[in-house]
Amino acid sequence: MIVVMQKDASQEHIQHMVERVEKLGLKSHVINGTERTVIAAIGEKREYTRESLESGPGVAEVVPILAPYKVASREVKPEPTQIQVGSLTVGAGTLGVIAGPCSVESETQIIETAKAVKAAGATGLRGGAFKPRTSPYSFQGLKEQGLKFLAAAREETGLAIVTEVVSTDDVELVSRYADVLQIGARNMQNYRLLEAVGNTNSTILLKRGASATIEELLLAAEYILNEGNPQVMLCERGIRTFESHTRFTLPLASVAYLQNKTHLPVVIDPSHGTGHTYLVPSMAAAAVAAGADGLILEVHPDPECALSDGYQTLDFTQFEETMDRCRKVAAALEVNL
Ligand code: PEP
Ligand code: MN
């Protein structure tokens, strides 16, 4: 249920209602909107819960949340959420561009890339230190050494760091270095991991599982929000279909659909979404046209020699060209980029 407070409700009224919600055995999430404050009351409701809350001081109305995901839903928070972490702003009229290699390979590689993508307009740096690879024989990432190289790149350029965490055991370690913890497609339904990152102060980039429905993605986000971490971005990175021309199928309708259902920002990953470098610039521009709040793009100084995902990675020149193209689309839509 949502306890919608009156426009002029005082802090005391809000606090009072939070306590009442919790006394009823429900979890409370206070969402401060521009217009008014609402309190999402989550959990099994008992008889007369609604009536009991409705009579509280400063309460305008109590309405049920129809969606199965609650805190993530637009019903609870009609205005879009903007993520702001270091150099990276995503959503509510600002397009964030996170760029960098699939894997951190060396200090020179990541710093060189950070400088190049920053010069071209990226606002966040991605790079995998813990890699979830399909084959156990593929490069698994530099682990903590990779995180140190990412921290050095942030030191050098000021770019916010986005990197994946693959296990609950590593959450504390990765959050010490990263600004944004990426939950990869393979772990979207690793509920213990979602709860663990929900208990950090880090921003989370949650990628859609290759076989997950949008509702499952939103319920996965709900696991994080339910632990009290409101800093969540969703990422459409393509799904598995019968089509084999592309590595995955990238459904850009997800942008508009998700923005209708949730206030959380939506980031598009055209690199994994297509699996081919030559398709990335067009799909990045198309994502911007569709209203995406952010892009995450794989960029490497020498994609041919990359230790992972080189075939879908842009070199520096291709990244610059992609940014130029996206900027034109963003300008037409009056979106900051
Ligand atoms: C990645 O970002 O390099 C990655 C492994 O992505 P995904 O989880 O979408 O496959
Ligand atoms: Mn990759």
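How does the radius of gyration of the protein, with 337 residues, agree with that of a compact globule? A compact globule of 337 residues would have a radius near 20 Å, and the protein has 21 Å, which agrees. The radius is taken over C-alpha atoms, and the globule rule is 2.2 Å times the number of residues to the power 0.38.

Before you click, note what you are looking at. This is a predicted model, where local features need pLDDT of at least 70 and side-chain atom pairs count only at pLDDT 80 or more, while totals for chains, interfaces and linings use all residues. Residues are numbered from 1 along each chain as its sequence is written, chains are lettered from A and ligands numbered from 1 in the order in which they are written, and side-chain values use heavy atoms, with hydrogens and water left out.

**Stop 1: the whole protein**

Show the protein as a cartoon. Helices (H or I, at least four residues) and strands (E, at least two) are DSSP runs, numbered from the N terminus. Along the principal axes, the C-alpha atoms fill a box of roughly 65 × 45 × 45 Å.

Of the 337 residues, 54% count as buried. Buried means under 20% relative accessible area, exposed means over 50%, and partly exposed is in between (1.4 Å probe, protein chains only).

Look at contacts next, meaning heavy atoms within 4.5 Å. Among contacts between residues at least 6 apart in sequence, 67% join residues at least 24 apart.

Colour by charge. There are 31 positive and 41 negative side chains, and the centres of the two sets lie 2 Å apart. Lys and Arg count as positive and Asp and Glu as negative; His and the chain ends are not counted. The place of a charge is NZ of Lys, CZ of Arg, CG of Asp or CD of Glu.

**Stop 2: the manganese ion**

Select ligand 2. Which residues coordinate the manganese ion? They are C102 (SG), H272 (NE2), E298 (OE) and D309 (OD), at 2.0 to 2.4 Å. Donors are N, O and S atoms within 2.8 Å of the metal (3.2 Å for Na, K and Ca); water is not among the atoms, so sites may look incomplete.

Trace the donors along the chain. Their spacing is C-x169-H-x25-E-x10-D. C102 lies in the loop between β7 (96-100) and α3 (107-119), and D309 in the loop between β14 (294-298) and α11 (316-332), so the pair ties together parts that are 207 residues apart in sequence.

Zoom in on C102. It is buried, with a relative accessible area of 4%. Leaving out residues up to four places away in sequence, C102 touches R126, G127, G128, K131, E298, S308 and D309. Now find I83. C102 and I83 are 19 residues apart in sequence and 23 Å apart in space, C-alpha to C-alpha.

Move to D309. D309 is buried too, at 9% relative accessible area. Check the backbone: phi of D309 is near 55 degrees, a positive value in a residue other than glycine.

**Stop 3: E105**

Select E105, in the loop between β7 and α3. Its contacts, not counting residues up to four places away in sequence, are L142, H300, C305, A306, L307 and S308. E105 and G146 are 41 residues apart in sequence, with C-alpha atoms 7.2 Å apart in space.

**Stop 4: Y48**

Go to Y48, in the loop between β3 (37-42) and α2 (49-54). Is Y48 buried or exposed? At 59% relative accessibility, Y48 counts as exposed. Phi of Y48 is near 70 degrees, a positive value in a residue other than glycine.

**Stop 5**

Pick A178, in the loop between α5 (171-177) and β10 (180-183). A178 is buried, with a relative accessible area of 8%. Beyond residues up to four places away in sequence, A178 touches R154, I161 and T163.

Finish at V329, in helix α11. V329 counts as partly exposed, at 22% relative accessibility. Its contacts, again without residues up to four places away in sequence, are A285, V288 and A289. The C-alpha atoms of V329 and G291, 38 residues apart along the chain, are separated by 9.9 Å.
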